[in-house]
Amino acid sequence: MKQFRNYGLIAMTIAGITITSCKKEEVAPPAEENELEVITDVKLVFTNAADPSDVVEANAQDPDGGGAQSLTILNDINLDTSKTYILTYEIANNLDTPGEDIGAEILAEDDEHQFFFSFSNDAFANPTGDGNVDAASDPLGYNDQDDNGFPVGLSTTWVTSGTQLSSGTFNIRLQHQPGIKTATSGANDGDTDFDLTFVLNIQ
Amino acid sequence: MIFKGHIGDVSFAKWLILLIISMFISHLGMTQSNDCNYSVSGMVFDQETKEPLPFVKIKLKNSPKGGYTDSKGKFFIGGLCSEKDSLLVTCDGYCDLLCGGNHEKNEPLPIYLAQEVQDLGPVQVVGEYHKEEGTQSISQVNISQKEIKNAPTKSLADLLSGQEGVSMISAGANVQLPVIHGLHGNRILILNNGLKHGFQNWGSEHAPEIDISSANSITVIKGATGVRFGPEALGGTIIVNPNPLDLNNPLGLEIGTGFQTNGLGMHSTLNLEQGVEKWSYFLNAGFTKIGDRSTPSYIMTNSGKEEKSVNIGVRYHSKKWDFRAYYGYVDQNLALLRSSVAESGNAFVYAVNSDRPTFIRPFSYAINEPNQLTQHQMGKAEVNWHYSDRAKLSFISGIQLNKREEYDVRRDVALPIIDLELLTTDYQLNWHHPKWFKLDGLIGIQVFRQENINNPGTQTTPFIPNYRSMRYSAFITETRKFNNSSLELGARVDYESNSVAGRETSQDIFRDDFEFTNATASIGYIQKISENTVFRTNLGTAWRTPNMAELFSFGQHGFKSSFGLLRYYWNSTNGLRTDKVIPLNESSVSPERGYKFTNELKIIKKKHQHTFTAYSHYIENYIFDRPMAVIGTIRGPMPVFVFDQTNAFFAGADYSWKANWTKSISGVTRLSYLWSWNVTSNETLINQPPASISQKFIWKQKGFCKVKSSELSVEGGYTFTQFQAPRTIAPEELIDGTLELTSESEIFDFKDAPDGYFLLNISWKLDWKHFSTGISATNVLNQSYRDYLNEMRYFSDEIGVNVLFTFNYRFKAKKKSK
């Protein structure tokens with residue numbers, strides 16, 4: 001009996017070790033994920049309010065998403081003087097094929113998002129000033145509101161100034177403000193989804 | 001009067017040997033009148049701390065009578081019928097607390113007192129308590145159950161960080177990792193219940209899921225213990241010992257509750273234990289809930305915690321066999337400071353430059369994003385076979401399932417951003433061989449397997465790939481004793497293979513397979529210089545494979561973008577590129593390898609005890625995270641960090657002085673200092689613990705009225721500023737491009753190391769019948785300060801004053817007469 005016990009323990013041990021070590025199969029990779037956080041392409045679309053066929057576009061692209069390759073701003077924004085434009089966006093993650101429309105997600109969660117702008121002082125007749133990044137209450141032509149009645153900015157109206165401007169700046173910041181978006185929340189509240197600075201020319 | 005101090009079986013004692021507990025048996029008297037009117041009484045002390053030992057089992061050899069020492073270490077056994085008897089003082093309940101389950105024979109360290117005890121003065125019997133084989137020549141500290149019970153709402157790291165040489169690195173009030181001599185994470189091995197705690201051990205934001213209120217004692221070994229415990233024990237080992245499952249232990253029930261003012265936290269525990277002749281069991285359950293903590297001037301929004309734990313164990317013991325089974329479960333929901341979320345360069349600049357956190361809300365128990373949900377389950381079976389008096393074979397098998405979900409502030413808050421399952425299995429076979437050419441030793445083989453799986457549905461590319469690690473190890477440690485010295489030698493071989501499969505952000509699959517074989521060795525020497533002085537020296541090596549985060553991190557995590565060792569390279573024009581995953585075999589990545597030399601001088605006198613530890617540690621291929629560049633991203637300019645390897649050198653000293661000024665007043669002085677250096681690039685390292693000093697005074701009062709005892713302690717500790725911190729570069733300087741960084745740039749940090757700070761803690765405890773109660777106040781002066789090793793120091797102050805009230809009820813059944 002005693003002998004049996006000895007062999008029993010040794011056998012148990014060896015069995016235990018072999019069971020865990022016998023197979024050397026490949027590890028299964030993680031499942032493919034639908035990346036929702038990454039934005040690779042942002043297109044600004046300025047549409048002339050009086051003539052929908054008059055469209056000005058400007059693109060920013062970060063082709064490798066989170067990788068070390070830097071963002072590139074592909075175009076300047078070239079607007080005409082004294083015109084009214086409606087600004088909308090095409091926001092996408094093109095790391096996936098087909099690409100992901102992030103704009104639709106922002107619309108679905110518009111009570112957590114707000115666009116903020118800063119630009120060369122008095123580049124526009126309306127809104128006047130230099131935008132609302134520095135102070136959220138500064139004038140800005142939001143066309144849309146969320147369910148709580150706060151501005152979103154997926155659509156904004158811009159009346160260019162009569163004076164020409166060359167090599168000005170136009171900065172757009174999309175802030176993600178879950179649970180903290182209020183009537184007074186500003187460009188430093190919440191987290192930045194994108195923060196892009198374009199060269200602005202008004203001729 | 002005859003006194004015979006004898007410590008068990010000699011060879012048994014030898015492999016139990018080290019750190020010294022001694023007992024004073026004083027005022028031992030037997031009164032003589034009627035037949036059954038003899039009595040014996042005495043007191044048992046810990047030689048190290050000079051504190052009385054409560055709950056030490058006292059038995060009489062030829063009588064069913066027996067008992068335990070009370071909370072003051074006193075015992076009294078009355079109603080004895082014989083003048084002649086032998087007294088057995090077993091360390092159950094105390095030594096076991098410290099020794100783990102090493103009293104297999106259940107008759108360890110008995111002291112036989114022969115008859116004719118009339119007027120015995122204090123007698124010092126030097127019993128010795130168990131240190132793990134292969135670590136006996138290394139400096140170590142113990143935290144007893146008593147100390148654990150005084151701070152039930154603390155984390156493991158917070159509890160240990162008061163000890164000399166031990167500090168903690170943290171990501172806020174809930175996520176805290178122990179640091180030993182400047183090293184943390186998977187350079188410190190955490191052995192929970194004899195098993196390497198299998199958890200997501202990477203970065204400073206993953207803390208071990210261990211509820212300290214279930215621990216019986218905790219040992220910190222401050223040297224390289226790679227030989228005994230395996231890779232990763234590079235900087236030291238923390239051993240969390242469970243309930244010892246004592247046999248012949250009458251039913252004991254303990255209920256404890258606690259309430260703390262900061263965070264309006266509550267805590268409760270239940271502990272049940274019983275042992276009969278061949279069986280014993282324990283059950284332990286704990287619950288902690290804490291709301292938002294506060295600094296002296298504001299609420300730390302989203303800093304609460306919820307923790308539940310259950311531990312059970314059973315033991316069966318026969319003459320030669322001992323079987324044990326344990327199960328442990330911990331469930332945690334840990335909040336991370338809301339203001340620490342800064343997912344763009346601008347937000348980070350804003351948060352770092354702001355005096356107050358950017359997000360402050362009224363107090364709440366709610367835990368919102370960012371937070372971590374973890375569940376850890378552990379099952380373990382252990383068989384010990386004492387096939388002879390001088391040898392034993394033990395087999396341990398364990399399985400651990402660690403589930404972790406991390407939530408971040410993002411568009412899909414309802415989905416975890418990290419969702420991992422880590423399955424760890426462990427087999428260990430150890431042989432305490434019989435004495436062989438005067439050598440005592442332990443020979444073991446181990447098989448360790450770990451498999452990590454990303455659960456689908458995070459809507460983000462996994463930060464850590466799926467992987468499977470297998471490790472086969474064999475080790476031997478031998479001790480040779482001489483008259484006043486002993487020599488300890490150890491060697492180990494590990495073979496490790498890793499198989500990895502992950503996703504790139506394009507969702508393309510990458511794979512890698514790599515293996516390492518490593519040999520490590522250690523040598524230690526203990527010299528008893530005089531009656532009161534012992535010198536220990538140990539040179540140990542250890543190694544570890546880079547962890548998966550160090551190898552494969554990719555992209556944004558928190559406020560920075562990080563790239564693992566295999567995810568970036570420099571192209572021909574010295575540009576940082578991340579467009580491919582480099583196979584490990586084609587890279588220059590090597591495992592870390594450490595050489596640690598620790599020396600300890602211990603002077604133990606009746607009133608004073610000094611422990612001086614000096615160490616130096618050289619680590620080859622030391623892996624660290626360093627800022628490297630600023631890149632433009634869609635979220636704005638973002639600091640980029642990469643993992644890098646270098647050779648690093650650490651040197652430091654710890655000192656502790658315990659003094660018994662009078663019978664009732666004692667003091668403890670502690671000092672820690674560490675100097676560290678990046679040898680390759682000749683610059684400082686980052687996130688190293690600053691020097692600290694503390695002084696504690698303890699005033700014990702003996703019983704008054706119906707109170708058994710009370711203890712008041714006052715502790716003041718000063719933590720210095722880190723003089724060795726890297727230069728500071730404000731994030732805005734990087735973002736606006738004023739500063740260009742290259743691969744050769746000197747290391748930097750975003751904020752100056754915080755100023756030194758002084759903290760005052762006061763606590764008071766009282767024992768009354770079955771009850772004990774305590775009030776302990778930390779940061780009594782309500783200091784506003786920031787801690788260099790807390791990642792949240794960029795955003796928020798530390799916790800202000802906190803008063804913790806504890807109340808415990810302890811019931812112990814009387815031992816049945818046979």
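# Notebook: a predicted two-chain model

**Entry 1. M300(B).** I began with the contacts of M300(B): leaving out residues up to four places away in sequence, M300(B) touches D292(B), R293(B), S294(B), T295(B), L337(B) and S796(B). I count two residues as in contact if their C-beta atoms, placed from the backbone, lie within 7 Å. M300(B) sits in the loop between β17 (279–290) and β18 (305–317) of chain B. Helices (H or I, at least four residues) and strands (E, at least two) are DSSP runs, numbered from the N terminus. Is M300(B) buried or exposed? M300(B) counts as buried because 30 C-beta neighbours lie inside 10 Å. The cut-offs I use are 20 or more other C-beta atoms within 10 Å of a residue's own for buried, 12 or fewer for exposed, and partly exposed in between, with C-beta atoms placed from the backbone. I also looked up D767(B), which is 467 residues from M300(B) along the chain; their C-alpha atoms are separated by 35 Å.

**Entry 2. Source and numbering.** I note that this is a predicted model, in which local features need pLDDT of at least 70 and side-chain atom pairs count only at pLDDT 80 or more, while totals for chains, interfaces and linings use all residues. Residues are numbered from 1 along each chain as its sequence is written, and chains are lettered from A and ligands numbered from 1 in the order in which they are written.

**Entry 3. Chain totals.** For chain B I find eight helices and 42 strands. Of its 818 residues, 53% count as buried. Among contacts in chain B with a separation of 6 or more, 66% are between residues 24 or more positions apart. Chain A has two helices and eleven strands, and its elements run α-β-β-β-β-β-β-α-β-β-β-β-β from the N terminus on. In chain A, 36% of the 203 residues are buried. Of the contacts in chain A between residues at least 6 apart in sequence, 61% join residues at least 24 apart.

**Entry 4. Sheet in chain A.** I traced an open sheet of four strands in chain A, in the order β4-β11-β10-β7, with mixed pairing. Two strands pair if DSSP finds at least two bridges between them. β4 (77–79) and β7 (113–119) of chain A each have a single partner strand, so one side of each is left without a neighbour in the sheet. The twist from one strand to the next averages 30°; axes are lines fitted to C-alpha atoms, for helices over the stretch in contact, and angles run from 0 to 180 degrees between N-to-C directions. β7(A) and β10 (residues 165–176) of chain A run antiparallel and are joined by seven bridges. In this pair, H113(A) has H176(A) in β10(A) as its bridge partner.

**Entry 5. Strands in chain B.** I then took an open sheet of five strands in chain B, β8-β13-β14-β11-β12 in order, also of mixed pairing. Its edge strands are β8 (140–143) and β12 (195–196) of chain B, each pairing on one side only. Five bridges join the antiparallel strands β13 (residues 217–221) and β14 (residues 236–241) of chain B, and V220(B) has I238(B) in β14(B) as its bridge partner.

Further along chain B, β23 (residues 439–454) and β24 (residues 466–481) run antiparallel with 14 bridges between them. There G444(B) is partnered by F475(B) in β24(B). β24(B) is also joined, by 16 bridges, to the antiparallel strand β25 (residues 485–503) of chain B. M470(B) stands opposite S497(B) in β25(B). A hairpin of three residues connects β24(B) to β25(B).

**Entry 6. Nonpolar cores.** Which residues have the most contacts inside the largest nonpolar core? They are L160(B), I238(B) and V640(B), in a core of 107 residues. A nonpolar core is a set of buried Ala, Val, Leu, Ile, Met, Phe, Trp, Tyr and Cys residues joined through C-beta atoms within 7 Å. This core draws at least three residues from each of domain 2 (140–239) and domain 3 (240–811) of chain B; the domain bounds come from an automatic or database domain assignment. Aside from neighbours within four places in sequence, I238(B) is in contact with L160(B), P178(B), I188(B), I190(B), L191(B), I218(B) and V220(B). Another core, of 40 residues, lies apart from the largest one and includes L95(A), W158(A), L174(A) and L200(A).

**Entry 7. Interface.** Last, I looked up where the chains meet: 42 residues of chain A are in contact with 58 residues of chain B. On the chain A side, the elements giving two or more residues are α1 (2–21) and β11 (191–202). α1(A) supplies the largest share, six residues.
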